[in-house]
Amino acid sequence: MEIPVEFLLEKTIIVVAVFTISLVIAMYSTYAERKVSAVLQDRIGPNRAGPFGLLQPLADGVKFFMKEEIIPSSANKFLFILGPSLAMLTACMTGAVIPWGGTLEMADSIVKLQVTDINIGVLYIFAVVSIGVYGVMIGGWASNNKFSLMGAIRASSQMISYEIAMGLSIIALIMTTGTLSVGEIVQQQTTGHWNIVYQPLGFFIFMICAFAECNRTPFDLPECEAELIGGYHTEYSSMKLGLYLFSEYINMFISSAVMSAFFFGGYDIPYIEYLNLDHNLVTILGTVFFFFKIVMFIFLFMWVRWTLPRFRYDQLMNLGWKIMIPLAIINIIITGSCILLFK
Amino acid sequence: MQLTNRSKVVVDKKMTFMERIYIPSIVSGMLITLSHLFKKKATIQYPEQQREFSFVYRGKHILKRDEQGRENCTACGLCAVSCPAEAITIVAAERKKGEEHLYKEEKYASLYEINMLRCIFCGLCEEACPKDAVYLTEELVPAAFNRKDFIYGKDKLVQPLGTSAHPKTYKPYKK
């Protein structure tokens, strides 16, 4: 089989662009987090480095690189380094199947703004996200520290509990859309209604589970400062700590993208087809609108973080197993009966 | 007796369904945090902006001069006696001929030291002074690395020549 050069070039450009954008957005999420937390607490937030403190993430990055790299003598060196690398790798991998925009018509070819539209995109996302917990697990285990191990155990049990509810909520979505390809799910929403109309409960469950999967408050038990001194990354310093924190923000970005693609039409702008705009312009506007949706979701993540306190561990497990999973199953039953009745 | 009307009687009743799903309370909590988005920020941008001091603030001491630039202090020692922290040390000296433009009266303090680590900034020295010589200003006593740097002599206490006569509006750095 021969692979054309143009194809390789096109995909390389998209891959590099997606990678860069997710890194930059994750970088500025740290800035946004500090700014949002400050504003919600009647403070101002970072404003010294550059105009409005916009250079703050760069300063933080430089600081992370310049710090001394400490590997505890009792730690397993290989696994200690593998942990944050794995966390970062899996965080960056998910972006591959998300459709960032429609198609661009260039000269004689049509370029899809998506790295790859595999027909099991939804499964791929779930597979990669569940590998993500290994980064946390391995890091916590390799630290050879009780608190880190506690954090890692909490992370893994939390992930397992909430992944089930997340998967079940997505099953209902797949029942209505009838496809596992993310590109096709978004494509259906550009012509029909957004999936939030059909799956409000599914979206709600998915969102809560996404919070838990990203280890965000109120589900940030793996890294709670008060009890576990930072949890799995207690022993980490320098850029390895930076990678852990960074992967959390990339995960947040990706799950915001997934939520807007699955339930809020992705790059779809409602009623834009009535304006009779140029196809390429519509695609670019759609991509911008998609990023607007993502930013709104990231703001929601931060807004919730600075409003709600952390769950107690038994409450977390109660919510996951006794409420979320039954709710998701009820959602499947309702969706199934609706499909039977109305289609 | 009730001090405010905000006290609530806590009842250990069973929560209703709406209360148990917590969604309404979460939403109202999030609306509260969102409302803070539009509130006035409490931050003071410190080096550029400085908080206004209260008019009765008692900060670092100043030894006043009169209108002709002569030191008011006659080393009577009343401030040192009244000081509950025993922070003030005074050594008196007699004014020589030709020093009339420096000191107001025949006796003056050749040494006037306040230990700022002992001082409790109560202002009793200011009250005790019969000659309007010692006042507490709105200035802060800055941090230092050595204990001996906190013993302020006349070099740091006497009002610089040509500054405002009012002890509270006295600002040595803005002439």
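How many residues of chain A are in contact with chain B? Well, 11 residues of chain A are in contact with 11 of chain B, where contact means C-beta atoms, placed from the backbone, within 7 Å. On the chain A side, helices H1 (5-40) and H11 (279-305) each supply at least two of the touching residues. Helices here are DSSP runs of H or I, at least four residues, and strands are runs of E, at least two, numbered from the N terminus.

Before I go on, a word on the source: this is a predicted model, where local features need pLDDT of at least 70, side-chain atom pairs count only at pLDDT 80 or more, and totals for chains, interfaces and linings use all residues. Residues are numbered from 1 along each chain as its sequence is written, and chains are lettered from A and ligands numbered from 1 in the order in which they are written.

Okay, staying in chain A, look at helix H10, residues 238-263. Of its 26 residues, 22 are buried, so H10(A) is largely enclosed by the rest of the structure. Buried means 20 or more other C-beta atoms within 10 Å of a residue's own, with C-beta atoms placed from the backbone. Just past H10(A), Gly265(A) has a positive phi of about 75°.

Next, a hairpin: E1(A) and E2(A), with 2 residues between them. Ala107(A), in the turn, has a positive phi of about 50°, and Leu104(A) sits opposite Val111(A) in E2(A).

And chain B? That one has 5 helices and 5 strands, and its C-alpha trace spans about 95 × 35 × 35 Å along its principal axes. Buried residues make up 16% of its 175 residues.

Definitions and conventions: The expected span of a helix is 1.5 Å times one less than its number of residues. A residue is buried if 20 or more other C-beta atoms lie within 10 Å of its own, exposed if 12 or fewer, and partly exposed in between; C-beta atoms are placed from the backbone. Two strands pair if DSSP finds at least two bridges between them. Two residues are in contact if their C-beta atoms, placed from the backbone, lie within 7 Å.
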